[in-house]
Amino acid sequence: MNRGMPEGLARAAPTAAAGIGQWLAVVSIMIGPSGCAPVSQMTPKAASAPQNLLWPPPPDLPRFEFETVLQTAADISPETDDSRWKRAIQGRPDTSDALVIDKPSAIVSRGGRVYVAEPGARAVTVFDAARKRLFRFGLREPNGLKRPQALALDDEGKVYVLDPLLKKVMVFDGMGLFQQAIPLGSAFSNPVGIAVQGDGATVYVVDRSNVDQDDHKVVALAPDGKERFRLGPRGSGPGRFNIPLAAAVAADGTLYVVDSGNFRVQAFNAKGEFKLQFGGAGVGIGQFSRPRAISLDHDGNIYVSDGGFNNVQIFNAAGQLLMPLGRLSREPGPGNYALIAGIAIDETRRLYVVDHYFKKIEVFRWLNEEEARKKASASKRAAG
């Protein structure tokens with residue numbers, strides 16, 4: 001069994017990976033999406049298509065089950081009969097089914113709250129499952145947001161918001177109350193990603209720079225904004241980047257960076273020393289087409305979304321592929337993605353996946369060994 005790999009996932013990995021090469025080859029020749037359409041514009045064919053709720057699909061032992069989708073206020077707090085009656089007699093329109101997300105740039109989750117960075121709204125939207133409430137923060141001056149681009153959480157639940165227009169990292173508590181601002185100064189040309197150590201002692205800012213420039217880097221900052229060290233610049237060797245897009249920090253302090261233009265993920269220790277890399281361009285097992293976002297679970301497994309394959313690939317801490325989740329499709333349904341974007345893992349190992357084409361956030365629940373075997377048996381009985 002691979003270190004850092006849950007027992008159930010380790011058992012499922014060989015069968016889940018067996019057909020990945022063939023599946024990726026098919027995906028690589030499919031034509032990508034050419035536009036965007038509201039989810040409400042479902043065709044009868046799409047609405048009645050068989051829904052795959054388990055990943056990996058049968059006959060493999062499932063590790064994740066589709067749980068729900070987040071798009072509207074009703075998804076977090078369904079309207080009661082009483083509130084519907086009050087709204088009707090007051091003549092108020094029903095807004096509970098209106099989409100509240102457009103094109104989120106990032107997502108994180110902790111303690112039953114899902115935080116979504118919304119550049120268009122100049123705010124962070126929060127789906128608060130515990131309180132059955134949807135709210136936004138970052139709208140109040142003098143500490144308002146201009147373009148929330150990336151998000152990170154520390155162990156206390158503080159929310160770090162990278163805002164390139166403000167040239168700051170804005171820090172809020174879990175309820176959206178402003179705590180502090182970390183200045184970025186003029187050292188960054190195109191910051192797009194952020195990660196933070198659990199204790200908040202080091203904040204990492206990912207700067208993709210520009211295509212015609214070589215200052216592609218990741219900078220480690222102290223809470224007061226002073227630079228500790230930097231990684232880069234542009235290149236293909238260890239510690240060099242070509243369009244880095246995102247980062248995440250493991251419990252042991254390991255920093256993982258999505259090095260998109262080099263089709264890989266690089267890992268560094270807390271001092272910035274290179275540890276390992278994995279990935280590569282191609283359609284083989286564990287390779288990437290357009291790696292975009294990254295998240296880590298508490299066992300050290302690494303989740304990477306890919307905008308070319310439109311899936312999430314799950315690796316162990318050594319960079320070995322465990323399984324993929326999702327597929328390229330322009331028909332609605334769980335696990336179907338056409339413009340996959342941000343991803344997040346919370347402390348319960350729920351997986352959150354953002355798709356811009358369908359304007360949705362899908363939630364998948366981790367299945368333990370007993371649950372996985374029950375689901376597999378039920379699926380087998382249902383099939384015949």
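The legends below describe close-up views of a predicted model.

**View 1. The largest nonpolar core of the predicted model.** This core comprises 18 residues. Those touching the most other members are Phe 64, Tyr 303, Leu 325, Leu 351, Val 353 and Phe 364. Two or more residues each come from strands S2 (64-70), S21 (311-315), S22 (321-325), S25 (340-345), S26 (351-355) and S27 (360-366).

**View 2. The surroundings of Phe 364.** Neighbours within four places in sequence are left aside here. The contacts of Phe 364 include the aromatic residues Trp 55, Phe 64, Phe 66 and Tyr 337. Among its other contacts are Leu 325, Leu 351 and Val 353, together with Gly 335.

**View 3. The hairpin of strands S3 and S4.** Strand S3 (residues 106-110) pairs with strand S4 (residues 113-118) in the antiparallel sense, over 5 bridges. Within this pairing, Ala 117 of S4 lies opposite Ala 106. The two strands are separated by 2 residues, and Gly 111 in the turn has a positive phi of about 60°. S3 is mostly covered, with 4 of its 5 residues buried.

**View 4. An open antiparallel sheet of 4 strands.** The strand order is S7-S8-S9-S10. Strands S7 (150-153) and S10 (178-183) form the edges, each pairing on one side only. On average, neighbouring strands of the sheet are turned by 20° against each other, direction ignored.

**View 5. The pairing of strands S7 and S8.** S7 and S8 (residues 159-163) are joined by 4 bridges in the antiparallel sense. Leu 153 has Val 159 in S8 as its bridge partner.

Technical notes: Residues are numbered from 1 along each chain as its sequence is written. This is a predicted model: local features need pLDDT of at least 70, side-chain atom pairs count only at pLDDT 80 or more; totals for chains, interfaces and linings use all residues. Side-chain values use heavy atoms; hydrogens and water are left out. A nonpolar core is a set of buried Ala, Val, Leu, Ile, Met, Phe, Trp, Tyr and Cys residues joined through side-chain atoms within 4.5 Å. Buried means under 20% relative accessible area, exposed over 50%, partly exposed in between (1.4 Å probe, protein chains only). Contact means heavy atoms within 4.5 Å. Two strands pair if DSSP finds at least two bridges between them. Axes are lines fitted to C-alpha atoms, for helices over the stretch in contact, and angles run from 0 to 180 degrees between N-to-C directions.
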